[in-house]
Amino acid sequence: MENDPPESSEDRSKHLLAAYMAQGLDKLTAFLDGNGISLPVLGVAMEQFTKSVFDLPEGTACKQGCAYCCHLKVGVSIPEVLVIYNELAAQTTPEGFEFLKERVLEVAAKGNTLTEDFWLSTRTPCPFLDIDKNQLCMIYTLRPFSCRAYHSTEIAACQKGFEQGRETLIPCFPLYRATTDMYASIFTKVLAEKGFFSYQVGFVKAFEILLKNKNASGQWLNREDVFAAAKLG
Ligand code: SF4
């Protein structure tokens, strides 16, 4: 319309995000309709989405070895955690996998990892953070979308939140964060529409379930609610 006011940048971002989301939902639905639902198919879908993630915008303060955000709660979709678990089991040596297993179980035994409070008050590092070696993510290429989305334009804000053990407003590029985070939501929505138990889960708790129940992947694919104990509120 000729007399419509110009669209604000916030509205433009919302429209862009809605368009990406709609495109992603259609793409995943068509892909699963064409290929069926199995771990390898979910793995390919995750790989394709990973390739779609934009590079972090210029002006991001994040750098190698800075890991304040790797001491926070991580939420994932169930397909992500299944793919990550299975890829790690396939790619890692038995000793390496045993090492990761011990790390996960150790963190899981420390408290309720589904709460923000656990992470903020204990400052526990993610079990996949290599605290002995420059604070690097040991599963960097496989990390969840929420980890890919999280970034900051001001390290001081991350440091303050970490040191004070409280939630802090971290300045970031909201559109980048939302578009990257959206892939987990796409998995959650599409799989729910296909009749699977599908919701966001705590990364550590869901991984613990997979470690303790070797049949969990198959049970979930048989539409059993095996991740209920890891559900995020
Ligand atoms: S998975 Fe990697 S990037 Fe994500 S919180 Fe853990 S160590 Fe950090």
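Select F118 to start: with a relative accessibility of 6%, F118 is buried, where buried means under 20% relative accessible area, exposed over 50% and partly exposed in between, using a 1.4 Å probe and protein chains only. F118 sits in helix α5, residues 116–122. Helices (H or I, at least four residues) and strands (E, at least two) are DSSP runs numbered from the N terminus.

Before moving on, a word about the model. The model is predicted, so local features need pLDDT of at least 70 and side-chain atom pairs count only at pLDDT 80 or more, while totals for chains, interfaces and linings use all residues. Residues are numbered from 1 along each chain as its sequence is written, and side-chain values use heavy atoms, with hydrogens and water left out.

**The whole chain**

Zoom out and colour by secondary structure. The chain has 10 helices and 4 strands, and from the N terminus on they follow the order α-α-β-α-α-α-β-β-α-α-α-β-α-α. The radius of gyration is 18 Å, close to the 17 Å that the globule rule gives for 233 residues, so the chain is as compact as a globular protein of that length. This radius is taken over C-alpha atoms, and the rule is 2.2 Å times the number of residues to the power 0.38. Along the principal axes, the C-alpha atoms fill a box of roughly 65 × 45 × 30 Å. Of the 233 residues in the chain, 39% are buried.

**Around the ligand**

Which residues surround the ligand? They are C70, V74, C126, F128, L129, C137, I139 and C147, where near means that a heavy atom of the residue lies within 4 Å. This shell has 8 nonpolar residues, no polar ones and no charged ones. Here Ala, Val, Leu, Ile, Met, Phe, Trp, Tyr, Cys and Pro count as nonpolar, Asp, Glu, Lys and Arg as charged, and the others, Gly among them, as polar.

With cysteines on display, how many disulfides does the whole structure hold? The search finds 0, a disulfide being a pair of cysteine sulfur atoms within 2.5 Å. C69 is in no disulfide, and its nearest cysteine sulfur, that of C70, is 4.4 Å away. C69 is partly exposed at 30% relative accessible area, and C70 is partly exposed at 25%.

**Empty spaces**

Rolling a probe the size of a water molecule over the atoms shows where empty space is left. On a 1 Å grid over the protein atoms alone, a cavity is a set of points where a 1.4 Å probe fits but cannot get out, a pocket is an open set with protein on both sides within 12 Å along at least five of seven lines, and lining residues have an atom within 4 Å of a point. Grid points are joined across faces, edges and corners, and a volume is the space filled by probe spheres set on the points.

The structure holds 1 cavity of 30 Å³ or more, and the largest cavity has a volume of about 50 Å³. To find it, select L72, K73, V74, T113, W119, C126, G202, F203, V204 and K205, which line it. Helix α9 (residues 203–212) gives the most to this lining, with 3 residues. By class, the lining has 6 nonpolar, 2 polar and 2 charged residues.

Then visit the second largest pocket, with a volume of about 260 Å³. It is lined by 13 residues, and the closest to its centre are G43, E47, V83, E87 and L142. Both α2 (39–52) and α3 (78–91) supply at least two lining residues, and α2 has the largest share, 7 residues. The lining divides into 6 nonpolar, 4 polar and 3 charged residues.

**Stops in the loops**

Select R123, in the loop between α5 and β2 (129–130). Most residues other than glycine have a negative phi. R123 is not a glycine, yet its phi is positive, about 50°. R123 is partly exposed, at 32% relative accessible area.

Q135 lies in the loop between β2 and β3 (136–137). Its phi is also a positive value, near 50°, in a residue other than glycine. Q135 is partly exposed, at 30%.

Finish at F197, in the loop between α8 (174–193) and β4 (200–202). F197 is partly exposed, with a relative accessible area of 35%.
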